[in-house]
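Please look over the two-chain model below before reading the points. The note keeps to geometry and contacts.

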Amino acid sequence: METILVSLGGGLLQAFEPLNLFMIFAGCLAGLFVGCMPGLGSVNGVAILLPVTFLVPPTAAIIFLAALYYGAMYGGAISSITLGIPGASTAVATVFDGRPMAQSGKADKALMAAAIASFIGGTVSIVLFTLFAPPLAAFALKFGPQEEFALMLLAFATFIGLGGDDIPKTIFSILLGLVMAAIGFDIISGQPRMIFFDMVEFQRGIGFLVLAIGIYGIGEMLWTLESTKGKVQMHSVNITWARFKENLREIKDYINSTWIGSVLGFFVGTLPAAGATPASLMSYGLSKTFSKDPESFGKGNVAGVAAPEAANNAASTGSMLPMITLGIPGSPTTAILLGGMIIWGLRPGPLLFTESPDFVWGLIGSMYVANVATVLLNLALIPVFIRVLAMPFTLLTPIIFMLCVLGVFATTDRMFDTWIMLILGVGGYLLRKLNYPVAPAVLAIVLGPLAERSLRQSLISSQGDVTTFVTRPISLTCVILAVLLISYPLIQRMMRRRAEAQT
Amino acid sequence: MTVRTAELLMGFATLLVSLGLMWNVYSDGLRIGWVEGRGPGAGMWPFWLSLGMALASVATIIRWFQGKTPESRSTEPYIAPETLFLVTVSALSILVLLVLMNIIGTYLSLMIFMFFYVRFLGQHTWGMTMAFVLGAPIFVYLLFEVALTKYLPKGWPIFEEGFLWIDNFRWEYF
């Protein structure tokens, strides 16, 4: 415990270095902006802005992106409440009660509850993160390639078992990402693989950022253009100092749902397939169940705004836990962060705590500071962000497209990749319209090279004996859990059928 | 095209892609099984995973015929006619931007792209249009060329020379 506190102190000091502090504020602002724009969320912001962060050292870069991640969670609530359109999928549940509150002239109260709940959710989850991360990383040091592979299998199994999407489509998405990661030279034998049409450009493979920017930049903007048609209807917000103080006193109305959301959000966030969106929906459901007045949910109950907002913030921190300690991202956003860390020359996983303690603790320290910075910026800038929301899509879209094209070019210095980005973006959009989940593909292209290497290393060391994955206790546990998760939808269906047959 | 038709076509398209990937690995002569003394072959991972993709596509097609997915029962249009224009034009505008970047360079093509998007699609004022047309290349120049030291595509030599002539001012005076 003492070592944790000492390291945390060092991390906090690092977060207050001028460059890092600047990055925290810049990240929070960028996050609030992308979060409040309908259609853009943390994942889009992180994907589009990652190439720009090569300007600064890795620690400052990840601090910026992590701050953006939080900011986006706060920002999502602004458009959910004032526009009735979730600023990001993570803020869907905030619309349920946020919208009715805005309609009855209580938008300011909803916005404040969202900010305060987000702050509490963020803080609780960072404390949990600080407590859990070092022991988990120390435990994960025992992992060999067998455990690594089993863990990745488990990560993908969560998409099948808990993702809630069509199962064959989810499997297709995962496998497509894994196969795309294999394009280019084989890491072990050095043989070129899948060089389509004999184009030499494929020898260097398809970078994860090309897919991520294609899907979350181009594809998402096309999706948003289609769903909003560029037109939105906004509610006015009345903010005065007197109302601010009055709203502050009403915290007791929603403090219980905030606690529920904070703790639930953190743990749900650590699961790769779950993340902030299901966490916020689950926490909304739970607070409704435990509420003394469940009838008022959906009609403008402030607890219905606080619960999902606390949960989505907590989940964003939660999803960093497996990324930092195990090298398995807990959400699409952390998948892109993980890919970024590889570009920066860091090796995500348990060794990070021993090899780059400054990086890890700087990040953790910055989380505390970023959380305070975001709540202050959020409360102070609500009027500004409401202005920003009135910005027409025909101005935002060309900027995003420009950043996507140049961002991809800047990472790889090849026009070829920008073509691939466009193809993947349009393809992703068309697939998404048919309910193919795209997040698993992004996670898979990041984890693909690691998964293939650990599988082949395990098989080489066991002389081709596949039982190596079930003879080691940790790997066996992961495999069993993965099998259970994969068969969970089947079991669920059988139970439902039996229940129907009985009635 | 309805969502229903689109799902079936997509199912066949993904199946074809998967089979194509398998054929690609196989025809390159990559070993897909165990190589004695060396371990799993280089083609093992992509080949068997592509087979999984093919099976998942077949499952989607079967489920389509059984009417199990909501999409297979939906007769809504795949892309609504009123938004088809906006989406297609947006995607095409990026395509044209990429083509132009190879010919007239990043900056001129960005100016044309911004003009098209802001003035033609967005119907914004001339003031706003000019702010985007002039602001975008300046922002890109400062961020990518100056700060990130990236040499963005300059197009054909004549356009590249034109750019270098302007870029020279930076080195002479700053």
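This is a predicted model: local features need pLDDT of at least 70, side-chain atom pairs count only at pLDDT 80 or more; totals for chains, interfaces and linings use all residues.

1. Residues are numbered from 1 along each chain as its sequence is written, and chains are lettered from A and ligands numbered from 1 in the order in which they are written.

2. Chain B is divided into domain 1 (3-73) and domain 2 (81-173), with bounds that come from an automatic or database domain assignment. The centres of the two domains, taken over C-alpha atoms, are 39 Å apart.

3. The largest nonpolar core has 209 residues. Such a core is a set of buried Ala, Val, Leu, Ile, Met, Phe, Trp, Tyr and Cys residues joined through C-beta atoms within 7 Å. Domain 1 (3-73) and domain 2 (81-173) of chain B both give residues to this core, so it lies between them. A:Leu211 and A:Val442 are the residues with the most contacts inside the core. Leaving aside neighbours within four places in sequence, A:Leu211 is in contact with A:Met180, A:Ile206, A:Leu424, A:Ala441, A:Val442 and A:Ile445; a contact here requires C-beta atoms, placed from the backbone, within 7 Å of each other.

4. Between the chains, 49 residues of chain A are in contact with 56 residues of chain B. On chain A, H8, H9 (208-228), H18 (393-412), H19 (415-433) and H20 (439-461) each supply at least two residues of the side that touches chain B. H18(A) gives the largest share of that side, 10 residues. Helices (H or I, at least four residues) and strands (E, at least two) are DSSP runs, numbered from the N terminus.

5. H8 (residues 167-181) of chain A packs on H2 (residues 44-66) of chain B at an angle of about 155°, with the axes 9 Å apart. Axes are lines fitted to C-alpha atoms, for helices over the stretch in contact, and angles run from 0 to 180 degrees between N-to-C directions. H8(A) and H2(B) are therefore roughly antiparallel (angles under 35 degrees count as roughly parallel, over 145 as roughly antiparallel, 65 to 115 as roughly perpendicular and the rest as oblique). The crossing of H8(A) and H2(B) is left-handed; a crossing has that hand if the near helix is turned anticlockwise from the far one by less than a right angle, and is right-handed if clockwise. Residues of H8(A) that meet H2(B) include A:Phe172, A:Leu175 and A:Leu176, and those on H2(B) include B:Leu49, B:Gly52 and B:Met53.

6. The second pair is H9(A) with H3 (residues 81-103) of chain B, again at an angle of about 155° and with axes 9 Å apart. H9(A) and H3(B) are therefore roughly antiparallel, but their crossing is right-handed. A:Ile218, A:Leu222, A:Leu225 and A:Glu226 meet B:Thr83, B:Leu86, B:Val87, B:Ser90, B:Ala91 and B:Ile94.

7. Within chain A, the axes of H4 (residues 58-82) and H13 (residues 303-318) come within 9 Å and cross at roughly 165°. That makes H4(A) roughly antiparallel to H13(A), in a right-handed crossing. A:Tyr69, A:Tyr70, A:Met73 and A:Ala77 of H4(A) make the contact with A:Glu309, A:Asn312, A:Asn313 and A:Ser316 of H13(A).

8. A:Ala310 also lies in H13 of chain A. With 39 C-beta neighbours inside 10 Å, A:Ala310 counts as buried; the cut-offs are 20 or more other C-beta atoms within 10 Å for buried, 12 or fewer for exposed, and partly exposed in between, with C-beta atoms placed from the backbone. Beyond four places in sequence, the contacts of A:Ala310 include A:Ala117, A:Gly121, A:Gly261 and A:Ser283.

9. Two backbone angles deserve a look. Most residues other than glycine have a negative phi. A:Phe197 has a positive phi of about 50°, and A:Gln463 has one near 55°. A:Phe197 is in the loop between S2 (192-193) and H9 of chain A, and A:Gln463 is in the loop between H20 and H21 (473-502). A:Phe197 is exposed, with 7 other C-beta atoms within 10 Å, and A:Gln463 is exposed with 9.

How values were computed. Two residues are in contact if their C-beta atoms, placed from the backbone, lie within 7 Å.
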